[in-house]
Amino acid sequence: MTTQPSAEAVQTRQGIEMSRPHPALFQTGQIGRMTLRNRFVQSPIFTQYAGTFGDVSDRMIEYFRARARGGVGLIITENTSVDWMVGRTVGHPIRIDHDRFRSGLAALTEAVHNEGAKIAVQLHHTGRQNSQGNTERNEPPIAPTAGITSAFGTPPRAIELAEIPGLIDMYAQGARRAVQSGFDAVELHGAHGYLLGQFLSPKTNKRTDEYGGSLENRARFALEVVKAVRDIVGPDFPVMYRLSVEEPYEGGLPLEEGLAFCQMLEPYVDALDVSAGNYDTADVLLPMYPPGNLVHYAKAVKERVSVPVIAVGRLTWLLDEMDEAVAAGELDFVALGRAQLADPDAVAKTRRGDGAHVRRCIAVNECISRWMFNGQRTQCVINPALSQEARAKEALRRADVTKRVLIVGAGPAGCEAAIVAAERGHDVTLIEREPELGGQLRAWSAASFLNTEMTNMINFYRVELERLGVDVRLGVEATQDDLDGHDSVLLATGTLTDGLPEGAIDAVDMLSTGNLPDGGHVTVHGDTEIAMFAALWLAEQGRGVTLSSPSDDVGLDTNDMQRARLAQLLTAAGVETITGQPAPDGGVVVWAQERIASDVLADKVDDEKIHAVGTRARGGRMYEATQSGFWAAAEI
């Protein structure tokens, strides 16, 4: 069962941030002989910020430096490769498979230490979760058993018995280099279907030798790796192990075996970092589900072992519950993953009682599905500074000359621009013709799926604008006098519906206002994500809904993971989806086709004073809006 948030937590998540302290979370913690300043851990997140050949880059150092400065007690690096030839994840993670990388790794540890945090390296091997094209010599990936592919990748070859000692030594030598590079701990990545977990899982390990069959045999490889690492780092250096304690699909690792394996690990490790699933069960693993859906696994492990246990799973939304769990001894540490992409200062803000000012991850998975899975550096739709920390810090310096800045449109682009301009010391006015902030975020917030996240995001913009003294004018149109009375103007008026048929209802307007169409059955026509949101909201209001797409699929403008999750929700809500359809010619029709750039005040745009920004200028969706608004304001 998943951990359910309390009524107080639900209220907090909807934007009414509670101010009570979290004493248990801000007490010091212990992992072996390593003392941490609090109970917050940054989870390992693959970023693609390393150099092309796995060296630590300046971009990566600035990224980690910002998160250490932001207050976490411990940072765990991304999946750091012990076998670059066949075992690295797609693209270019950090590597620790040769001594020549120690210099860059040492620079990274020093940067984190200078900000008061500790840092552990995560030692990683993909095993079968790899593709032949991602290996150095175009050879198949390796796995305990041949031919069992993962959700991505190509059929692996079986690891021969004679190869196993060499694989174990790769982990051990990586641990040696970690100690020499100044890391405070090592973590072995045995979670999410990677090599250590592949040996443990009955689904992926069909071996008939001493490394397959019984749980004891399937656990042998991981235990030998742990023992080899312990031997090389010594008894006092902290060793952690991350595992998926259950693989919730047919033939996968059952929970009871996962818990028994934790007890096998206990004599050799100083902490257990608990997750579940793999990339064949991504609906469990990845953050598109309610906060806390993995916490019960960590609590179950804690009941079996005496070493510290780390919990994960969108926990910035559940800090009251996590504080109580740590105080009660049900957990020891709280891990923040993609929350740290969205806001590196989340911990520091929480400690100050400024939780309403935290950019909380909205879990739309663009970071994973749009960028990481496509071999590009990880980015965030709500944090324009991610991976550009040094540039953003410079951009936010106080402007040499204070200007009167007008921003028209209070969607994501306009709000970002107003915040940046005000941070730089300008006198900022934000005008919005609608009665509320948020722009299309209000449409995204209508259905239950993202209501919490989008409501909170709108509230974040509201409290930040208040903090910075921005003059926010809602429910008014910008006039020529407004334009004339300012030194710089940014038009962030977004997009509008194109070609709305007579009698049809605009989906964005419907969702933003909550005005339910008259009549019974509704047809939503469109191949966009908004079409899926509209169909879901209508179904939640008790209407019969058909989602009619003119294309061969629907949700074409969103990432694969978001599209798949919305499709699941639509099916569960009883929505019929049909593709390849012409526009309906009768009945109640909600129109949700691709939108075009707004032309509000288009005749006023010039090269000197008035500029279009956001999706109006760049197209796209929320990422393009926040990026454009942030960086345009940085130039004023």
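## Exercises on a predicted model

This is a predicted model, and its protein chain averages a pLDDT of 94, with 96% of the residues scoring at least 70.

**Exercise 1.** Work out how helices α7 and α8 pack, and which residues meet.

*Solution.* Start with what you need: two packed helices are described by the angle between their axes and the distance between the axes.
- Step 1: take α7 as residues 220–233 and α8 as residues 255–265; the angle comes out at about 25°, and the axes lie 11 Å apart.
- Step 2: angles under 35 degrees count as roughly parallel, so α7 is roughly parallel to α8.
- Step 3: check the hand of the α7 and α8 crossing, which is right-handed.
- Step 4: list who meets whom: A222, L223 and V226 from α7 face F261, M264 and L265 from α8. Sorted by type, the residues of this contact are six nonpolar, no polar and no charged.

**Exercise 2.** Place N130 in the fold and decide: buried or exposed?

*Solution.* 
- Step 1: N130 sits in the loop between β5 (118–124) and β6 (142–143).
- Step 2: its relative accessible area is 2%; buried means under 20%, so N130 is buried.
- Step 3: skip neighbours within four places in sequence, and N130 still contacts V86, G87, R88, T135, P141, F152, G153 and T154.
- Step 4: pick F152, 22 residues from N130 along the chain; their C-alpha atoms are 7.0 Å apart.

Conventions. Residues numbered from 1 in each chain as written. Predicted model: local features only at pLDDT ≥ 70, side-chain atom pairs only at ≥ 80, totals over all residues. Heavy atoms only, no water. pLDDT = per-residue confidence, 0-100. Axes fitted to C-alpha atoms, helices over the stretch in contact; angles between N-to-C directions. Helix = DSSP H or I, 4+ residues; strand = E, 2+ residues; numbered from the N terminus. Parallel < 35°, antiparallel > 145°, perpendicular 65-115°, else oblique. Left-handed = near helix turned anticlockwise from the far one by under 90°. Contact = heavy atoms within 4.5 Å. Nonpolar A, V, L, I, M, F, W, Y, C, P; charged D, E, K, R; others polar. Buried < 20%, exposed > 50% of the residue type's maximum accessible area, 1.4 Å probe, protein only.
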